[in-house]
Amino acid sequence: NTKTVQWSNFPKIPTIDQAYSKISNSITVEWATVPGATSYLLTAKDGNTVIETMVANSPGTVTGLKAATLYQITIRSISPAGRSQASPPKQAKTVLAAPILQVSSPSSDSILVQWEAVYMAIGFSVSIMQANGLGRIWKENTTNTSLTFTSLAAGTLYTIKAYAWNANGTPGDDSTCDQRTSPGTPANIQVSFDSGALKASVSWAPTEGAFNYTVMALSDSSRLSCSTAFSSCTIYPLQCGTKYLISVSASNDAGSSRSTSAVTLKTVACAPGKVAIQEDPPGHLSVAWSNVDLGDYYVAFVKSDDGLEVHCNTSLTQCNFLSECGFTYFISVFAYNKAGQSPLGDVFNYTTAPCCPSDINPVLVSSDRVEIVWSPVRGAELYETKAVDGFNVVECNDTAPACTLSALECDTKYNITVYSFSEVRGSNTSCTSQFITTAPCSPEIKNISKDDFSMVHVRWQSTNDEATYTVTARGEKGVHQCSSAGESCALGGLPCGSLFAVTAVAETPAGRSLPSFSVPLETAPCCSASLMVTQVTQSVINVSWTVGSGALTYVTVLQSQMGQSKCHTHQNHCLLGCIACGINYTVAVKAVSATGLTADCAYQSYSSSACCPLGVKLYRLGPNGIRIHWQASRGSANYSTDLYGSKGIFTCAPSAGLSFCDVTEIPCGDVYTVMVSPVAETGLKLTFCPKKIYSGQFLFRGCSHYPWLSCSDSLLFHYLAFQFFKTKRNF
C-alpha cells in the first residue's frame with residue numbers, strides 16, 4: 001500500500017501535441033499542461049546524441065541541434081515529487097541552415113552575393129532592397145551559389161536576405177546582411193595651382209556614399225597622392241617644370257570608384273640655372289642662363305644697391321643691361337609659363353669696378369712733395385696713387401680720399417694716377433692719369449759782390465728749366481728783392497749799416513722752390529750825419545760826429561801838404577794834435593764795422609786857427625791906460641785883446657793890419673790877465689792863446705820907482721816878481 005501512494009504523487013506523463021523546426025538549430029515542442037508540474041524536460045535524440053533542455057511551460061524549444069537532421073523528441077513533467085516517465089516520442093526534423101553570404105560591390109551599380117552549398121538544399125531565394133526601406137525589392141531564386149544584382153544606385157546601402165529550401169520546398173534559415181555599392185566616379189574636377197608654394201588644390205562634386213576620396217598626381221618621375229573625406233584635397237610638394245596627370249577616385253567600405261579622366265597640370269618652370277654674368281665692356285652687363293623645361297619666356301631682374309631695379313623680358317636665354325661703376329647688382333632670373341612664375345633661384349650679386357676719381361686736385365706742390373685730394377667715389381674701399389717718372393715709381397695707398405707723395409724729385413714731371421680699389425673687383429685700371437710737375441729745385445747762391453755803384457750782385461746755380469728766380473735780402477731795416485730768369489740779379493738801395501740774410505727762390509708755373517741756404521750780407525756802415533771840427537789849442541783840434549748805424553769804430557784823418565794826422569777810436573769824437581796854425585787841412589772820417597767793412601764818409605776842408613801872436617808887450621799910457629803890442633803871426637790879420645781883472649773885462653779890437661791896441665780907463669791897483677787872440681774870419685775869437693798876468697800897481701808905479709829900467713823892462717820885472725810871490729804863497 002505504501003508503494004502505491006508514492007507513485008500516485010508523481011506528475012503525469014505529458015503528451016506532445018506537435019514538434020516542428022523553424023530554425024535550423026532548434027525544434028519547438030507544444031504539449032498540454034500537466035497539473036502539478038513545475039517544469040518540463042525536453043529531450044532530442046539523434047542516434048547516440050541526446051540533447052536535453054529544461055523549460056517552464058509549453059511551448060518549449062530545444063536548441064543546439066544540427067540543421068536538416070531528424071530527431072526523436074520526448075518530454076517529461078517534473079514536480080516536487082519527482083519526474084514523470086518520458087512521453088511517447090515524436091519525430092521532428094530541423095530546417096535547412098541559412099546560407100553563409102559573402103557580398104561585395106564589383107561596381108558602383110552592382111552587388112555580388114555568394115555563398116557555399118547548404119546541406120540538403122536544392123534551391124535558394126535571394127532578395128535585396130535599400131536599407132532605408134525606400135524603393136523596390138528585388139528577389140531572385142537560383143540553384144547556384146552566387147547571384148549578381150545590377151542597376152543599383154551607386155554608393156547606396158542595401159539589405160540582402162537569402163535562404164535555402166529542401167526538396168519539400170521547406171525554406172531554411174534565412175541570412176541577412178547589408179552591403180553598400182561602391183561610390184560613383186567624382187565629377188566636376190577642378191585643379192588650382194599655387195605656383196609660389198608648388199602645390200595643387202583639387203576639388204570635385206561630392207559623390208553619394210563615398211567615405212573617402214583619393215587624388216593621384218602622376219608624372220614621369222614621381223607619384224603623389226592625397227586622401228580626404230571632404231570634397232577637396234591639396235597635393236604637395238609638386239616639382240617645378242613637371243607635367244602631372246591628376247585623377248580622383250571615391251571609396252567606401254564597398255570599394256573604390258573608377259578614377260576620373262586625368263586632368264593635365266603643368267607646373268611652373270624651374271628657376272633657370274647656369275647663370276653667367278659678364279661686364280664687357282665696362283658699363284655693359286650681360287646676363288645669360290640655361291634653357292628650362294616648360295619655360296615659355298624669361299624675365300631677368302637687376303636691382304642695384306641703391307634700390308633701382310630694371311628688368312628684361314625675353315624668350316631667349318640672355319639679356320643685356322647698362323651698368324654703372326661702384327654698384328653692387330643683385331640679379332635673379334625667372335621662367336614663366338601659363339602656370340605662373342618659376343620659384344626663386346639663386347640670387348647672384350655682381351659688383352662693378354669702383355668709380356675713378358675725377359676731380360683730382362693738387363692742394364700742395366713742393367719741390368719734393370705733392371699733396372692731392374679728390375672726392376670719394378662710389379664703391380672704392382681703398383685708393384692706390386702712383387706717380388711715375390720714367391722708371392721711378394712712387395706709390396701711396398690709403399682709405400682716405402687724399403694722398404701725399406713724398407721723396408719726389410724737384411722740377412720733375414710726374415704722371416700721377418689714382419686707382420680706386422675694392423676687395424671684390426680689385427683695382428679699376430681704366431682710371432685716367434694727369435701730369436703734375438713738382439716745384440723747382442732750390443738754387444744755390446755761389447757769389448755775392450758789390451760794384452762801384454753800390455749795387456749788390458748775387459749769382460746762383462740751378463738746374464731748373466725755365467724758372468724765374470727771386471733774390472730776397474731780409475734784414476731789420478726791411479726786405480729788398482730782385483728777380484731774373486738767368487743766374488744773377490742786382491740788389492740796389494740797400495741801407496747802410498745793415499745785416500741781411502740773402503736767399504734765392506726759383507718759381508715756375510708748378511710752384512715755388514724752397515729758399516736756398518741763406519748767405520749773410522753786410523752793408524758798409526752808415527756815415528755820420530754831421531761833422532764838427534773844434535780848435536782846442538793852437539796845435540790840437542777836436543773832430544766830433546754823430547754815430548752812424550753799423551759803425552763800430554771810426555778813423556779820422558787830417559791831411560795837409562805838411563803831413564797827416566790820424567786817430568782811430570770807437571767814440572764819436574777824436575783829438576788830433578801836432579796841428580800847425582794857419583794851415584788849410586782836409587778832414588776825412590772813415591766808419592768801420594765790426595767785420596772790417598769801411599765807409600769813407602766825409603771830406604771837409606778845415607783851416608787851422610791863426611797862430612797866437614808873439615812878443616806881447618804892454619806900455620803905459622798915462623795913469624789909466626796901457627798899450628798892448630805884439631808881433632803878427634802867420635795866418636791871421638785880425639786880433640783881439642782882452643784884459644781880465646776883478647773889476648771887469650776890458651777888450652780892445654785894433655784896426656785891421658795893426659799889431660797893437662790901446663786900452664784906457666782901467667782901474668789901477670788890480671791884477672790883470674792879458675790875452676791877445678787872433679780872430680777867425682767867422683768872427684770867432686780863439687781862447688787858447690797864452691795868457692799873461694800883470695799887476696796894475698806895479699804897472700803904473702814901476703817906472704817912477706825903478707827909473708833905471710825901461711818901461712817894458714819894468715813891466716817884465718813886475719810880472720816876474722808877481723809870479724814869485726804867488727808861488728811862495730802857494731807853498
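Strand β33 (residues 370-373) and β36 run antiparallel and are joined by four bridges, in a predicted model where local features need pLDDT of at least 70, side-chain atom pairs count only at pLDDT 80 or more, and totals for chains, interfaces and linings use all residues. Residues are numbered from 1 along each chain as its sequence is written, and side-chain values use heavy atoms, with hydrogens and water left out. Strands here are DSSP runs of E with at least two residues, numbered from the N terminus, and two of them pair if DSSP finds at least two bridges between them.

Let's stay with β36 for a moment. Its residue C403 is the bridge partner of I372. C403 also belongs, with L405, to the covered face of β36, while A402 and T404 make up the uncovered one. If you follow the chain onward, you come to the loop between β36 (402-405) and β37 (413-422), where D411 is found. Phi of D411 is near 50 degrees, a positive value in a residue other than glycine.

What makes such a value worth a look? Most residues other than glycine have a negative phi, and most peptide bonds are trans. N188 sits in strand β16 (residues 187-194). It counts as exposed because its relative accessibility is 53%; the cut-offs are under 20% relative accessible area for buried, over 50% for exposed and in between for partly exposed, with a 1.4 Å probe and protein chains only.

A cis bond joins Y236 and P237, with omega about -5 degrees, and P237 lies in the loop between β20 (232-235) and β21 (243-252). D280 and P281 are also joined by a cis peptide bond, with omega about -5 degrees. For P281, look in the loop between β24 (276-279) and β25 (284-288).

Now turn to an open sheet of three strands, in the order β55-β56-β59, with antiparallel pairing. β55 (614-620) and β59 (660-664) stand at the edges with a single partner strand each, so one side of each is left without a neighbour in the sheet. From one strand to the next, the twist averages 20 degrees; axes are lines fitted to C-alpha atoms, and angles run from 0 to 180 degrees between N-to-C directions. Five bridges join β55 to β56 (residues 625-631), and the two run antiparallel. In β56, R627 is the bridge partner of Y619.

Next, find Q114 in strand β10 (residues 110-115). With 34% relative accessibility, Q114 counts as partly exposed. Which residues does Q114 contact, leaving aside its neighbours within four places in sequence? They are I100, L101, Q102, T145 and S146, where contact means heavy atoms within 4.5 Å. Q114 and N144 are 30 residues apart in sequence, and their C-alpha atoms are 9.0 Å apart in space.

L344 is found in the loop between β30 (340-341) and β31 (348-351), and it counts as exposed at 56% relative accessibility. Together with F330 and V347, L344 makes a nonpolar surface patch of about 280 Å².

Terms used:
Patch = residues over 30% accessible without salt bridge, like charges linked within 9 Å, V, L, I, M, F, W, Y side chains within 5 Å. Areas by Shrake-Rupley, 256 points an atom, 1.4 Å probe, with all protein chains shown as cover. Salt bridge = Lys/Arg side-chain N within 4 Å of Asp/Glu carboxyl O.
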